Amino acid sequence: MSFKLPALPYAQDALEPYISRQTLEFHYGKHHQAYVTNVNNLIVGTEFEDATLEAIIKKAEGGIFNNAAQVFNHTFYFDQFSPKPKEVPEGRLKAAIDVTFGSLDAFKEAFNKAATTLFGSGWAWLVKTADGKLAIVQTSNAGNPLRDGSTPLLTCDVWEHAYYLDKQNLRAAYIADFWKVLDWKIVDGRF
Ligand code: MN
């Protein structure tokens with residue numbers, strides 16, 4: 001079995017001015033593609049040759065884990081954006097956010113803090129934990145909440161390659177624009 005780079009659900013310039021075509025050309029076209037190519041090469045002849053991405057993420061270590069998780073993380077990240085996003089969550093997810101964090105604004109504030117303070121490369125996540133609660137978690141490098149039995153709902157890539165072309169060193173400015181293209185309809189569906 002080999003993994004393929006999934007198509008983006010929008011044109012590469014569709015998220016401008018918040019995420020540029022140039023950023024997507026490199027982030028999706030080069031970085032994401034490289035993780036797909038790498039994991040396909042690395043699993044040949046291993047116990048993971050016919051495994052699903054999720055199964056690899058839960059069990060593998062080293063390069064196989066890193067590249068498999070980065071394939072999952074980037075697909076999950078790119079799939080949650082839209083040029084015409086639903087701007088707020090609804091229904092059960094909205095209710096869970098209100099109960100857990102107090103309000104959508106309070107959730108965003110806490111998430112922004114997790115994303116801006118993560119040292120080095122990694123990901124900030126909203127997850128549903130194994131006991132069904134919402135939580136904000138940080139993972140370093142290729143880390144993925146599936147390893148801890150949690151279900152990812154939303155993620156922000158804070159590797160410098162996600163924002164340096166558009167925002168240079170201003171990670172907080174990237175995160176502010178991240179919310180402008182995040183489609184809560186996708187997150188509602190994942191919940
Ligand atoms: Mn990335």
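How many Å separate the centres of domain 1 and domain 2, taken over C-alpha atoms? The separation is 20 Å.

**Before you start**

This is a predicted model, in which local features need pLDDT of at least 70 and side-chain atom pairs count only at pLDDT 80 or more, while totals for chains, interfaces and linings use all residues. Residues are numbered from 1 along each chain as its sequence is written, and side-chain values use heavy atoms, with hydrogens and water left out.

**Stop 1: the two domains**

Colour 21-79 as domain 1 and 91-190 as domain 2. These bounds come from an automatic or database domain assignment. Now show the contacts between them (heavy atoms within 4.5 Å).

**Stop 2: the core**

Next, the largest nonpolar core. The term covers buried Ala, Val, Leu, Ile, Met, Phe, Trp, Tyr and Cys residues joined through side-chain atoms within 4.5 Å. Buried means under 20% relative accessible area, exposed over 50%, and partly exposed in between, using a 1.4 Å probe and protein chains only. This core has 60 residues. Select Ile56, Tyr77, Phe107, Leu154, Phe178, Trp179 and Trp184, which touch the most other members. Then select helix α3, residues 62-79: with nine residues, helix α3 gives the most to this core. Helices here are DSSP runs of H or I with at least four residues, strands are runs of E with at least two, and both are numbered from the N terminus. Why does the core lie between the domains? Domain 1 and domain 2 both give residues to it.

Zoom in on Phe107. Leave out residues up to four places away in sequence, and Phe107 touches Ile97, Phe101, Leu126, Ile136, Leu154, Trp179 and Trp184.

Move to helix α7, residues 171-181. Its buried residues are Arg171, Tyr174, Ile175, Asp177, Phe178, Trp179 and Val181. They pack against α3, α5, β3 (151-157), α6 (164-167) and α8.

**Stop 3: the manganese ion**

Which residues are the protein donors of the manganese ion? Select His27 (NE2), His74 (NE2), Asp157 (OD) and His161 (NE2), which lie 1.9 to 2.1 Å from the ion. Donors are N, O and S atoms within 2.8 Å of the metal (3.2 Å for Na, K and Ca); water is not among the atoms, so sites may look incomplete. The donor spacing in sequence is H-x46-H-x82-D-x3-H. His27 in helix α1 (residues 21-42) and His74 in helix α3 link distant parts of the chain, 47 residues apart. His27 counts as buried at 1% relative accessibility. His74 is buried too, at 0%.

**Stop 4: aromatic pairs**

Show the rings of Phe, Tyr and Trp (its six-membered ring). Two rings pair if their centres lie within 6.5 Å; planes under 30 degrees apart count as stacked, over 60 as edge-to-face and the rest as tilted. The structure holds 18 such pairs.

- Phe76 and Trp125: the centres are 6.1 Å apart and the planes at 40°, so the pair is tilted. Phe76 sits in helix α3 and Trp125 in strand β1 (residues 122-128), 49 residues apart. Phe76 and Trp125 are buried.
- Phe107 and Trp184: this pair is edge-to-face, 6.2 Å centre to centre, with 75° between the planes. Phe107 belongs to helix α5 (residues 104-117) and Trp184 to helix α8 (residues 184-190), 77 residues apart. Phe107 and Trp184 are buried.

**Stop 5: charges over rings**

Here the test is NZ of Lys or CZ of Arg within 6 Å of the ring centre and within 35 degrees of the ring normal. Select Lys128: it lies over the face of Phe191, 5.0 Å from the ring centre. Select Arg147: it lies over the face of Phe65, at 4.5 Å.

**Stop 6**

Most residues other than glycine have a negative phi, and most peptide bonds are trans. Go to Glu16 and Pro17. A cis peptide bond joins them, with omega about 5°. Pro17 is in the segment before α1.

Asn141, not a glycine, has a positive phi of about 55°. Find Asn141 in the loop between β2 (134-140) and β3. At 43% relative accessibility, Asn141 counts as partly exposed.

Gln168 has a positive phi of about 50° and is not a glycine. Look in the loop between α6 and α7 for Gln168. Gln168 counts as partly exposed, at 40%.

**Last stop: Gly91**

Is Gly91 buried or exposed? Gly91 is exposed, at 53% relative accessible area. It is found in helix α4 (residues 91-101).
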